[in-house]
Amino acid sequence: VTMPASALVNLLTWHESAVATGRGSRTAQFTAISFDVSAQEILSALTSGHCLVIPDDDTRRDPDAFVRWLAAHDVREVYAPNLMVEAISEAAQEQGRTLPALTEIAQAGEALVLSERVKALYRRHPGLRLHNHYGPTETHVATATTLPADVDDWPEVPSIGRPVHNTRAYVLDAALRPVPPGVAGELYLAGDGLARGYRGRPALTAGRFVACPYGAEGARMYRTGDLVRWDAHGELHYLGRANH
């Protein structure tokens, strides 16, 4: 996937306003460098005046060790898939450990599951925010939401939120017509966050990055292959993969 620098600039500009933790904050560099979230993790820290703290590979793979490492290094911001959010919650509970410095966990790469362990972690840390980020590699973060501060106000199944800055989301039927709220359709994404395409694979690029009938002449949109629906509050809910 070839991603222009302007798309990353758009991502970082949005991130600074959505997950602002202030200069001097300590961000864990947890995700593998091959995972696109690492670009957000590393670049958002460096452009915001944060300290990027890097665990060794053994610590990354061991939730118990990772929780101890978070506490020892006063880490404030963590990016992790749902599986690791669950593992952090379980390890902290089993250790009887609190993480007073930790204020932000951003989940991406998997469907967020609000298990009882995750809820227990947040009840013990009332200042900790949980962000749910959605986006394929071809757009990076495209939609996002932050869950309510009070765990009792959490939904049973969280949404994937609203489009981030300079991003447009279309929920369309097979004829590329918008569907009404509550009706399932395929998610198409447009705006400043789009990749140029797949390097050296023009046919695949043409099949996934298609003309956008709702933008300016020459505008493109990315066909995600994901089924979603709008809710009454203007947020998107992930329903699964479309069958093509």
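This briefing describes selected features of the structure shown above. The structure is a predicted model. Among its features are a right-handed crossing of helices α1 and α2, a parallel pairing of strands β3 and β4, and an antiparallel pairing of β11 and β12. A search of the whole structure for disulfides finds 0.

**Helices α1 and α2**

- Helix α1 covers residues 5-18 and helix α2 covers residues 37-47; their axes come within 10 Å and cross at roughly 65 degrees.
- The sense of this crossing is right-handed.
- On the α1 side the contact is made by L8, L11, L12, W14 and H15, and on the α2 side by A39, Q40, L43, S44 and T47.
- Sorted by class, this contact holds 6 nonpolar and 4 polar residues, with no charged residues.

**S25 and the residues around it**

- S25 lies in the loop that runs between α1 and β1 (26-28).
- With a relative accessibility of 4%, S25 counts as buried, because the cut-off for that class is under 20%.
- Beyond its neighbours within four places in sequence, S25 is in contact with H50, C51 and R76.
- S25 and L52 are 27 residues apart in sequence, and their C-alpha atoms are 8.6 Å apart in space.

**Cysteines**

**Strands β3 and β4**

- Strand β3 (residues 77-80) runs parallel to β4, and 4 bridges join the two.
- Within this pairing, Y79 stands opposite A106 in β4.
- Strand β4 spans residues 104-107; E104 and A106 point one way from the strand, while I105 and Q107 point the other way.

**Helix α6 and its cover**

- In helix α6 (residues 116-124), the buried residues are V118, K119, A120, L121 and Y122.
- The elements that cover these buried residues include α5 (82-95), β4 and β5.

**Positive phi in residues other than glycine**

- D74 is a residue other than glycine, yet its phi is positive, near 50 degrees.
- The position of D74 is in the loop between α4 (63-72) and β3.
- D74 is partly exposed, with a relative accessible area of 48%.
- H140, which is not a glycine either, has a positive phi of about 60 degrees.
- H140 belongs to the loop between β5 (129-134) and β6 (143-146).
- H140 is buried, with a relative accessible area of 8%.

**A142 in the loop between β5 and β6**

- A142 is also placed in the loop between β5 and β6.
- At 1% relative accessibility, A142 counts as buried.
- Residues up to four places away in sequence aside, A142 touches Y134, G135, R162, P163, V164, T167 and L189.
- One of these residues, V164, is 22 residues from A142 along the chain, and the C-alpha atoms of the two are separated by 5.7 Å.

**Strands β11 and β12**

- Strand β11 (residues 220-230) pairs with strand β12 (residues 236-241) in the antiparallel sense, over 5 bridges.
- W230 stands opposite L236 in β12.
- The hairpin of these two strands has 5 residues between them, and in it G234 takes a positive phi near 80 degrees.
- R223 is placed in strand β11 and, at 25% relative accessibility, counts as partly exposed.
- R223 and Y170 are 53 residues apart along the chain, and their C-alpha atoms are separated by 9.7 Å.

Key: Residues are numbered from 1 along each chain as its sequence is written. This is a predicted model: local features need pLDDT of at least 70, side-chain atom pairs count only at pLDDT 80 or more; totals for chains, interfaces and linings use all residues. Side-chain values use heavy atoms; hydrogens and water are left out. Axes are lines fitted to C-alpha atoms, for helices over the stretch in contact, and angles run from 0 to 180 degrees between N-to-C directions. A crossing is left-handed if the near helix is turned anticlockwise from the far one by less than a right angle, and right-handed if clockwise. Contact means heavy atoms within 4.5 Å. Ala, Val, Leu, Ile, Met, Phe, Trp, Tyr, Cys and Pro count as nonpolar, Asp, Glu, Lys and Arg as charged, and the others, Gly among them, as polar. A disulfide is a pair of cysteine sulfur atoms within 2.5 Å. Buried means under 20% relative accessible area, exposed over 50%, partly exposed in between (1.4 Å probe, protein chains only). Two strands pair if DSSP finds at least two bridges between them.
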